[in-house]
Each structure stands twice: as structure tokens, then as C-alpha cells.
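Here is a short briefing on helix packing and a chain contact. Please look over the sequence and structure first.

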Amino acid sequence: MEHPIFELNNISYIYRDKMETTPALKDINLSIHKGDFVALVGPNGSGKTTLIKLILGVLKLQSGEIYINGKSLRNFHAWQEVGYVSQKSNSFSKGFPATVSEVVLSGLTKAKGLFRRFGKEDYRKLDEVLELLNISHLKDKNISLLSGGQTQRVFIARALINNPSILVLDEPTVGIDAKHVKEFYDVLFRLKEQSVTILLVTHDIGVVVDHADEVACLNEHLHFHGTNHEFKNLGEAELSKIYGFPLQLVSHDHERACCE
Amino acid sequence: MIQALFEYDFIRYSFISGLVAGLIAPLIGTFIVIRRLSLIADALSHVTLGGITFGVYLSSLIGMTINPLITGIIFSVLGALGIERLRTVYNHYQELAIPIIMSFGVALSVLFLSLADGFNQDLFGYLFGSISAVSSIDLILISVIGVIVLIFIYLLYKEMFLVSFDEEYANVMNINKWIHFMFIIVVALVISASMRIVGILLVSALMTLPVASAMRITSSFRQLMVMSVIFGEFAVIAGLFMSFHLDISPGGTIVLVSLAILAATIILDRIGVKKRGEPIDSV
């Protein structure tokens, strides 16, 4: 039987300061299978980014186990198979003296291995991924001159250049206009057709319920994990309980929005 | 000076050492500046001074000459390790490591200076650079360090770029664990190699000023490295010539030339002769 791509067993995490402790996650159990497009939603401070950091090994596990492709996270080394777009991608690069090409190529660093330099094949991959995201014309531009939407596409290109089988995106559409959000989801659909497993963290639940196959709803605990249809059928009371404030999903001609 | 280059070994040693420093200091300085670690160079240079004074003191103590550059290199590397350790101890206040190590370096220097006698003349050369103090052993050490730095950058360029540009992503890709450690050791070596020509107090300037100048007129990382080296080499060559003819310490002239280049690039940038191109439409 095929292993889940991600298998999380009893994950708990507590942030500890000198004087106080803040629980971020409690007893999270979650399985994500190959080719799934899962949206991880929840209010601010619900532990979404903490969970992503644990999955990616940026934070150390305190309790529980995480398996990637059947391998314990502690023994998983094939990080080149994982593409990652961080929440901060949109803001931290300002002023950095690098071109779009240099930034996107850096996504191949792990796969290329130590002491090896980029060659013709790598530049071919660069051209392909820039084409895929419609940013070929920005190839030689300085990254700090791009708009928010363009910058975000550059970081998505960096995550995709290595043809990852797993894609983890932490609120990648923040600050991007509606047109580019649509383009972004079009790219995700094309990747999904190629059996790429996608884990998308987002606040934008109105949009993801129409795009993702599954929704996982987090607020310290995993309150819900099911198909997008099941999520749509959650009652107002249940959603409000998860989010901690009154909430309902409103549908507008096939599009649904999240309203307080 | 060109005639003197052929006539006197010590001038030739200084010139070649200067060329090596003009190459490796801005090269490694590129990563220091963009990672916002400029002050680390200052901290390590002060620790290097502690090592040099220790070497002189040790020589006077045991009655045998020990090359202070060697003790300087050892202290510099130990200081680099200390900074790394303190950065993990003060995880949320990592910059605290710099004043702690810097004050430690100055304190050691004062201690060994007080203990060692007859060091004042040499001290001036170590603080501000000297055109006559580079020995053949120094030149060999500096050249070896130069080769180590070039190999480090050639082989680990892509890793260094990623760690500098996006430390979090580098962490996710699991390539950050030891690169930074090696980098800080290389910084310590570059400081040791450059301080004979530029002087302890000005060595960080040779690592940062050419990069600061190049940043005004370049748009890619590779261009930044190339222009930083060109500015660094120009400053060293012009500074050494001025130092020779005016009979003053090369550290001051090299840094003043670097500052003139910086002023010129800022003016060029202001008047629009800059690379960064036109603002891009959000299409």
C-alpha cells in the first residue's frame, strides 16, 4: 500500500518563554495522500505556520511523529522533492541585489548538491519555469523592482524549478490582486494534474473551498478535515466555534466568500 | 613606485599582499554586507589584534620570535567560534555577540600590550597598515588564505547565495547548518590576511566600502561581486601608490580612495546613471 505523503501523528507544540508557555498545537493527526490538494485554514494564531514549520523541519518536534513518504522526518533528507513558498516571500527581498534568474535558480541548490555549479540543463529548467509563470520578460530584472504579485510568482517559480512532488505554500496570495490570484490557482491546477501534492495555508477560505480537494481546519486542535463539499456543508455554528467569532460562508454565483 | 617594485622585495611583498586583500576582502565582504553582518568584521579584527599582541608578548616571554600573524589568525578563528556560540545563546538578540567579542578583543590587546615591552613601533603598523612590514612568510600565509577563500566561494557560491538571500528557505532545504560556520571562519581568515596592509582598525572598511559602492550601480549578485572586487583592487593599488609617495600608512589612503569611489557611485546613482532600470509595470 502506498504511504501517505504526509502523516502526522499526535503532534503537539508549545512555545516556551522564560516566564510563560503558549500552546500552539494539540494532538494533531492528519494524513495527506499523493496528488491531494489540501487547504489548511484557521484564524490568526491558530498554529498553521507552526504546523508547516514542523512539517518542514524548521522547528524541532516536541511530541508526536511526522512521516514524509513513509520516512520519519528525522531520517528524511530528500528536501529537493519539496517546494516551499514562505509567508514572508513578499516582503523580505526588498533591496537585495539579485536578478529574477538568480533567485529562481537558487531553488535548485539542494538538488544540485554540494560543490557543483549550475549548467545548461539548469538554465533550461529556469526558462521553462519562468515561461510557466509568465515571467520570462522579468528574467534579468532586479528582484527589488518587482510588484508584490510579480515577486510572489518569482518565489513560486523558485519552488517549482526542481519539479517537486510536494508543494507547501504558506499564504502565498497575500497582497496579490484578484487577476494574479486566479493565475496562481490555474498554475496549481496544472500541477495537481501532474500529481503534485499541494498543502496550501491560507486565510482565504471562500476561495479555497472552490479550489482545494480537501480542507483541514486548525485552531490549536484539528477541528475538521474532510472534502471541500463537507466543509461547505459545515453549519454556521460549527465554523464560528472553530474561528472563535461569528462566521458564515456566503456564495455568490459559484464563488464563495468568507464573511464575519 | 614601479621601479621600487622591482628593486625591493618588501615593496613587492606588500603589493602582492595588497592585491590578494583587494580581491578576497570585497568578495567575502559581499556576503557580509548583504547578510547585514558588517559589524562582525569589526569585532573579529579587534580579536585579531588581541592575538597579535599575544604573539608579541609570547615572543618576549619565551625569547623566541613567533609570527604575530599566526597568533592573530588563531585568535580570529576562535573569536569567530565565540560569536557563533553567543549568537545561539542570545537567540533573540544575536547582535549582542558582536560587542561582547569586540570588547574581549580590545581587553586582551590592552592586557598583552601592557605586558609586552617595546611594541609601540610595530603596533602602529598593525593598527593602520604598513607598506614595509610584510615578510616573505606573511606573503605565503596571505596567499594561502587567498586560495582558501577563492576555493570556498567557487565551490559554495550557490549555497552562500541562498543562505544570504533567504535563510529560512535554506533551513528548509537543510543546507544552512554548517555553511554559516564555515563562512565565519573564512571571514576571520580574510581579516587576518588583509590587516597587514590595511591595518586592524580599517580592515572592515576594505570588506564593506567597495560593496557599498558597487551596490549603487549593479543589479545582479554576480555584478555586485565583480564590481566590488574592481573597486577593492583599485582602492588598494591607488592607496599603496599614495602611501609610498607620501610616506604615510597605506590603511588611511586605501580607505580614503574607497570612500572617494563610494561618493562617486552615490553621485552617479543620484544623477540617474544607474542600472536598476525603469520601474516595471505590474504585468
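Two residues are in contact if their C-beta atoms, placed from the backbone, lie within 7 Å. This is a predicted model: local features need pLDDT of at least 70, side-chain atom pairs count only at pLDDT 80 or more, and totals for chains, interfaces and linings use all residues. Residues are numbered from 1 along each chain as its sequence is written, while chains are lettered from A and ligands numbered from 1 in the order in which they are written.

**Helix pair in chain B**

- Phe231(B), Phe234(B) and Met242(B) are among the α11(B) residues that meet α12(B), whose partners include Pro250(B), Val257(B) and Ile261(B).
- By class, this contact of α11(B) with α12(B) has 11 nonpolar, 4 polar and no charged residues (nonpolar: Ala, Val, Leu, Ile, Met, Phe, Trp, Tyr, Cys and Pro; charged: Asp, Glu, Lys and Arg; polar: the others, Gly among them).
- The axes of α11 (residues 221-246) and α12 (residues 250-270) of chain B come within 8 Å and cross at roughly 135 degrees (axes are lines fitted to C-alpha atoms, for helices over the stretch in contact, and angles run from 0 to 180 degrees between N-to-C directions).

**Contact between chains**

- Chain B puts 25 residues into the contact and chain A 27.
- On the side of chain B that touches chain A, α7(B) gives the most, with 6 residues.
- That side of chain B divides into 14 nonpolar, 7 polar and 4 charged residues.

**Helix α10(B)**

- All 13 of the 13 residues of α10(B) are buried, so α10(B) is largely enclosed by the rest of the structure (buried: 20 or more other C-beta atoms, placed from the backbone, lie within 10 Å of the residue's own).

Conventions. Helices (H or I, at least four residues) and strands (E, at least two) are DSSP runs, numbered from the N terminus. A residue is buried if 20 or more other C-beta atoms lie within 10 Å of its own, exposed if 12 or fewer, and partly exposed in between; C-beta atoms are placed from the backbone.
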